[in-house]
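Subject: Structure for your review

Dear colleague,

Please find below the structure that I am handing over to you. A short account of the findings follows it.

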Amino acid sequence: MGTLRVLFLLSFISSPWVLCSTGKHFDQDSTLRLEQQDVLLNREANLEAKRSKREAAVLWLGEDYDSSMVFLAADEPDNAPAEGGDASELPTCLLCVCLTGSVYCEEVVPEMTAVPTLPKETAYLYARYNKIKKITNKDFADIVTLKRIDLTGNLISEIEEGAFSKLTLLEELNLAENQLVKLPMLPSKLTTFNANHNRLKTKGVKANAFKKLEKLINLFLGDNALEAVPVIPQSVRIVHLQNNNITDISFETFCKGNNTYYIRPNLMEVRLDGNPVLLSKYPNSFTCLKSLPVGQYR
């Protein structure tokens, strides 16, 4: 279909002035200049790419698809980078799929090495399996509507302190499968935080990093290099700390010392398997829990 459209466009152009869909006029004589033909061909290729993105959105959304909800960039600049260039030079909604309130930038080609510029109404960002290396204070500074960020499978090794400080509505933050050694201050309304498969050590996670997250329900810190269990808020239901270097726990880790009357009803699942700690040495450390943690007992 794209090839037929190109042939039609080139055969149609016969008048001295032709108005292209980019809004530009081409002055011509009996034949179109080669560079003008290139512009038309590139333009048609870009339109075909946009149509493909819309078709991908249909497959993604299935029966819930509504074409009126899909927004793609109206035009691509004439100086767009060639194949193999930097993704940061392309408009976000040409590079990604933008739906109302959601931006999908997964396994982007050309490579995405930084957080893309987002539409200001964005609530959900999915930028998984790219090559983003760093999160700066400016990346989300103006996007206060964000509720979910998923950056799984990137190369993030640094997050500037305060990078999430303005995200007062953020509920889910997924930083799994990156290269983090340190965590910044996290938004207070988080319900789910996932930092599985990073390089976190206890010195890179402040002792009270999660203590004030009173709405936190799911905490995933498995497959890191933590030496101790961080303070876990009372609201948490699921804690995954498997495959770390935890060697010791105390009466205060999950419960309140020797207070045998204290019950922690919310905490339903604790994973400590794959750690050096021998849990059978600390029988009084789990008296407040409904079930014993998963881990090594002998």
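Is Arg 148 buried, partly exposed or exposed? Arg 148 is partly exposed, as its relative accessible area is 26%. Please keep in mind that this is a predicted model.

Arg 148 also takes part in a salt bridge, with Glu 172 as its partner; the closest N and O atoms of this pair are 3.1 Å apart. Glu 172 belongs to strand β10 (residues 172–174) and Arg 148 to strand β8, so the bridge ties together parts that are 24 residues apart in sequence. Glu 172 is likewise partly exposed, with a relative accessible area of 29%.

In total, seven salt bridges are present in the structure. One of them joins Asp 150 to Arg 128, with 3.4 Å between the closest N and O atoms. Here Asp 150 lies in strand β8 (residues 148–150), while Arg 128 sits in the loop between β6 (124–126) and β7 (134–135); the pair therefore ties together parts that are 22 residues apart in sequence. Asp 150 is buried, at a relative accessible area of 8%, whereas Arg 128 is partly exposed, at 23%. These two residues also belong to a network of salt bridges that links Glu 106, Arg 128 and Asp 150.

A further salt bridge is formed by the side chains of Arg 271 and Asp 273, at 2.7 Å from N to O. Arg 271 counts as partly exposed, with a relative accessibility of 26%.

Yours sincerely

Notes
Residues are numbered from 1 along each chain as its sequence is written. This is a predicted model: local features need pLDDT of at least 70, side-chain atom pairs count only at pLDDT 80 or more; totals for chains, interfaces and linings use all residues. Side-chain values use heavy atoms; hydrogens and water are left out. A salt bridge is a side-chain nitrogen of Lys or Arg within 4 Å of a carboxyl oxygen of Asp or Glu. Helices (H or I, at least four residues) and strands (E, at least two) are DSSP runs, numbered from the N terminus. Buried means under 20% relative accessible area, exposed over 50%, partly exposed in between (1.4 Å probe, protein chains only).
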